[in-house]
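Please open the structure in your viewer and keep the selection tool at hand. The stops below say what to select next and what is there.

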Amino acid sequence: MWRRFVYNITPLKNRRKQLRNRATEAEKILWSCLKNNTLKHKFIRQYSVEGYVVDFYCPEKRLAVELDGEQHKQSYKYDSIRTELLKAYGIKIIRFWNWEVKENLTKVLHQIELALPS
């Protein structure tokens, strides 16, 4: 049984809003596809689980999509701890570099589609 109170908690509301307002170009590009139901599943932007915020989340399929910029090369340990916590909640994580979205959006969307369980 998943504890509802760990999702989108009020103390992170401002942080989620800040992240939405300061979205990277890659996040804007991908969100324009996901929000229009391109993959036939609802995605939420900037969704929090406990103290972490994921870029995009499909609650129906428990799939988180993360876009990583250059700063993630130095935050590998943080990202791995975060990934383990999300996995403990039954959330699958798929990651892409920002440049992948910009250079090959079709491939990224296809990989997300493949990651969505039937």
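**From a strand to a ring cluster**

Select Leu67 first, and you will find that Leu67 stands opposite Phe96 in β4. This is a predicted model, in which local features need pLDDT of at least 70 and side-chain atom pairs count only at pLDDT 80 or more, while totals for chains, interfaces and linings use all residues. Residues are numbered from 1 along each chain as its sequence is written, and side-chain values use heavy atoms, with hydrogens and water left out.

Now select strand β3, residues 63–68, where six of the six residues are buried (under 20% relative accessible area, with a 1.4 Å probe and protein chains only); strands here are DSSP runs of E with at least two residues, numbered from the N terminus. Leu63, Val65 and Leu67 point one way from β3, whereas Ala64, Glu66 and Asp68 point the other way. In a regular strand the side chains alternate between the two faces of the sheet.

Finally, select Tyr47 and Tyr57. Tyr57 is buried, with a relative accessible area of 2%, and Tyr47 also counts as buried, at 8% relative accessibility. Ring pairs (centres within 6.5 Å) link Tyr47 and Tyr57 with Tyr7 and Tyr89 into a cluster.

Notes. Buried < 20%, exposed > 50% of the residue type's maximum accessible area, 1.4 Å probe, protein only. Helix = DSSP H or I, 4+ residues; strand = E, 2+ residues; numbered from the N terminus. Pairing = 2+ DSSP bridges. Phe/Tyr/Trp six-rings, centres within 6.5 Å; stacked < 30°, edge-to-face > 60°.
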